[in-house]
Amino acid sequence: MFEYFKIFSVPRKLRAIGVLGMNARNHGIIARYNKRSLYPLVDDKVQTKKLANNIDINTPRMIGVIEHQYQVKDLMQVVGKHKEFVIKPAHGSQGKGVLVIKKYNNGEFITASGKKLSFNDVYQHISNLLSGLYSLGGQYDVALIEELVHFSDAFKNFSYQGIPDVRIIVYKGYPIMAMMRLATKESDGRANLHQGAVGVGLNMQTGKAVQAVSHNVPIDFHPDTGTDLMTLQVPFWREHLMIGAQAYEMTGLGYLGADIVLDKKRGPMMLELNARPGLAVQIANGRGLKEAIKTVDKYYPKNLTAQERVDFVLNYKK
Amino acid sequence: MKKIFSVRGILGILLVCSIFFASYATYYKIEHWGFSINPKEKTDVWTVDAHISFIPTGEPIEVSLSTPKISDEYKILSEDVIAKGYEISEDEKHMRVTMKSKPRKGLQDIYYRIMLYDNEDVTGKVRDSSVQQVQQPIFVDEQQQQMVEEIWALADQKEGKPAKKIIELLNQKPLPEEVDAFLPIKKSQRVMAEKIMFLLAVKNIPSRIVRGVKLKEKKRSASADLMLEVYEGSKWMIYNMETGVAGLPKNFVIFQRGGVSLLDVAGGNKSEVKFSVMKSAISSFKMANRRAKYENSNLFEYSIYNLPMLEQNTLKWLMIFPLGILIVVLMRNVVGISTMGTFTPMLIAMSLIRTGFVAGIICFGLIVSLGLIIRTMLTRLNLLLVPRISAVVIFVIIIMQMLTVLGYHYDFRIASSAVFFPIIITAWIIERASITWEEEGARNATKQIINTSIVAVFTYLIISNDYIRYLMFAFNEWNLVILFIVMLLGTYTGYRITELKRFAPLIKEK
């Protein structure tokens, strides 16, 4: 009985370490720094990609877009000579409706997990996608065809299938907190912490693991691969931070989450941006976002370029 | 200063203002409209029937009855005369009702009915500055004069006004010899009144008989009750002839006083008037409009309580919504329970009120489970969103139909409550549960359904309470307070209760 109450903390203690609550995030941060009119920039992946390309942020290259049902039959013309590609809903979230084609031959498609699909299956998938099956609220959607990301081997044993990605929280252009999300057997290849993925908090200066959590509980080893998570270090850390910092100027959002994946050849690439990133990053890092936000407001200089901001973060000493 | 002009400051001030307003409105309604905090509080309504009967002589008939007048002592709910074929006219100035008719045959019955409520004790003073003449009584003989003097001598040993002294003496038990000899053996109210008046006249004190009805439950065909009014310098004071207590008690309704007659019948013989009394209790709330009329309250006419019953019932239903909404806001933003659809739990709770709790829960569970099974089959068909949800809606309607028909056929009452659930909402619950199931696993889907049910049941428990519903309807101004509480909650940036658990791992014990 008493044990049960121990899993609750008291507001005073949370406040003391500067944990950001949902209400405070919505009312104090998002409503204040993220203009509603800017949301479409991040909600539509095609737009995000175009904006990113304008300022040379690395993203998976776009092969084409299918906007209308009558264009679906022309899929192969859009794909052209690409040997592999990904079909994504432009308004999707959390990896819903993403179809990865590794190989295709005479109307037979092989997906990333090795499943064989006929042209009709793929046609049906895109058709559903256009009608809004995967978009929030069911509005009409657009299919984005882009190049496949070749994941770096740096995280080979850190993730059980799925795509390991880095989520960076950016406040007023400063990357303030970051975590790596690793898929597990339980999360079924997805990178959502509440579905059982592992979250690894990252040191902002080095990109090294600070701590790791699974289901809110600190762990040291990946539950499926058994890899020591504390040995994790994200390569090209500066480039990761640069993508986050540049996303601020690119979108104008004062508070955003940038999802970044690491490509073998092309390095860190921005996958998508989020205007209301979740709060789980705090648990992964074992520290509060409010505290980090306060520090930025108090000590961080204003009117710096993205590069200067990243340098400031990398060299910041308390 | 800055704090006051912030959003929160302004809302806080508005909240305080609304609380003051609501409190005053509540006070006003209780004080002036007779609303009660207790829905079960009843108002006693007295029905007094005056039954006039007489035998016509064959001449044109004119019956005139003195009636109670509007006074502080009570309020009149209704006044009615049942006299078939008579021409009825009311003389409001002299408080008489007159019934006229052509010559008739046979025993005549006329009923005058008055309904009174809010009876109160009053002093019973009547201002009258006119000079009152007292007809000096004529003694039959010296012996009588002597007896009267002795009686007064006895009375003077008592305290108080002469009227009180003499009434007390005449009601004393055992009676002193002198008084006993003075009074006749049969002491009717009428005789007693005359004797007291006689004794008072000796001392030059004017007095008169007051006729009325003593309000006593189940009184049948009784003669008028009497009280005595005594002139005490510029005002008439009313006395109880049995106790000598001055003042008009709340259970006495005056029909006639002074020189006028209680009943006049022209063209009839053997006329008499008998009174019957009945007490009934009507909910205070229903009496409100009557009270408001006495208060000349224009506000009442524009209030929802002056609407026809149908509209009132609809509004009664609506008035509970804000409270349900407040619970939803609290559950989401303060407790932090995520439910399927923002107002879904409240709508389920509303349906539960109509179906009854157990029946509703079982029925709802059945509909959702059956719907989920069908929805799982639909998944394989890979339909588009709008046609798919539409199909679910139609399936829900079919399930409801089946449950209702089966329920009726097998006399299983629970099933017939199916029709009360909002169809579209139910379909969306099924759709969302199914999607959650597919994407986040059965555990998360079940968790969400359970969360939604908990909030729905909690909301139900609060809004199904008759007392709370009565309060929210009778004192609907509190909805304004709820509005500002909800708006203030919109600025709440503290932790949600569920977050205390979620972020607990961040606290490192030292």
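**Helices, domains and a sheet**

Modeller: Happy to! Let's start in chain A, where α8(A) and α11(A) are oblique to each other. Keep in mind that this is a predicted model.

Colleague: At what angle do helix α8 and helix α11 of chain A pack?

Modeller: The angle is about 130°, and the axes lie 9 Å apart. Helix α8 of chain A covers residues 237-251, and helix α11 of chain A covers residues 306-315. Angles over 145 would count as roughly antiparallel and 65 to 115 as roughly perpendicular, so this pair ends up as oblique.

Colleague: Is the crossing of α8(A) and α11(A) left-handed or right-handed?

Modeller: Right-handed, with α8(A) passing α11(A). On the α8(A) side the contact uses A:R238, A:L241, A:M242, A:A245, A:Q246 and A:E249. From α11(A) come A:A306, A:R309, A:V310, A:V313 and A:L314.

Colleague: How many residues in that contact of α8(A) with α11(A) are charged?

Modeller: Three are charged, alongside seven nonpolar and one polar.

Colleague: Okay, switching topic. Which domains does the assignment give for chain A?

Modeller: Domain 1 is made of 2-42 + 152-315, and domain 2 of 61-146. The centres of these two domains of chain A, taken over C-alpha atoms, are separated by 29 Å.

Colleague: Over to chain B, then. How do helix α10 and helix α11 pack there?

Modeller: Helix α10 (residues 344-355) and helix α11 (residues 357-381) of chain B meet at about 125°, with axes 7 Å apart. That makes α10(B) and α11(B) oblique to each other, and α10(B) passes α11(B) in a right-handed crossing.

Colleague: Which residues make the contact between α10(B) and α11(B)?

Modeller: α10(B) brings B:I348, B:S351, B:L352 and B:T355, while α11(B) brings B:F357, B:A359, B:G360, B:C363 and B:F364. Six residues of this contact are nonpolar, three are polar and none is charged.

Colleague: And the four-strand sheet in chain B: what's the strand order?

Modeller: Reading across, the order is β4-β5-β2-β13, in an open sheet with antiparallel pairing. The edges are β4 (87-91) and β13 (263-266) of chain B, each pairing on one side only. Neighbouring strands of the sheet are turned by 15° against each other on average, ignoring direction.

Colleague: How many bridges join β2 to β5 in chain B?

Modeller: Six, between β2 (residues 61-66) and β5 (residues 96-101) of chain B, which run antiparallel. If you want a spot to look at, find B:V63, which stands opposite B:M99 in β5(B).

Notes
Residues are numbered from 1 along each chain as its sequence is written. Chains are lettered from A and ligands numbered from 1 in the order in which they are written. This is a predicted model: local features need pLDDT of at least 70, side-chain atom pairs count only at pLDDT 80 or more; totals for chains, interfaces and linings use all residues. Axes are lines fitted to C-alpha atoms, for helices over the stretch in contact, and angles run from 0 to 180 degrees between N-to-C directions. Helices (H or I, at least four residues) and strands (E, at least two) are DSSP runs, numbered from the N terminus. Angles under 35 degrees count as roughly parallel, over 145 as roughly antiparallel, 65 to 115 as roughly perpendicular and the rest as oblique. A crossing is left-handed if the near helix is turned anticlockwise from the far one by less than a right angle, and right-handed if clockwise. Two residues are in contact if their C-beta atoms, placed from the backbone, lie within 7 Å. Ala, Val, Leu, Ile, Met, Phe, Trp, Tyr, Cys and Pro count as nonpolar, Asp, Glu, Lys and Arg as charged, and the others, Gly among them, as polar. Two strands pair if DSSP finds at least two bridges between them. Domain bounds come from an automatic or database domain assignment.
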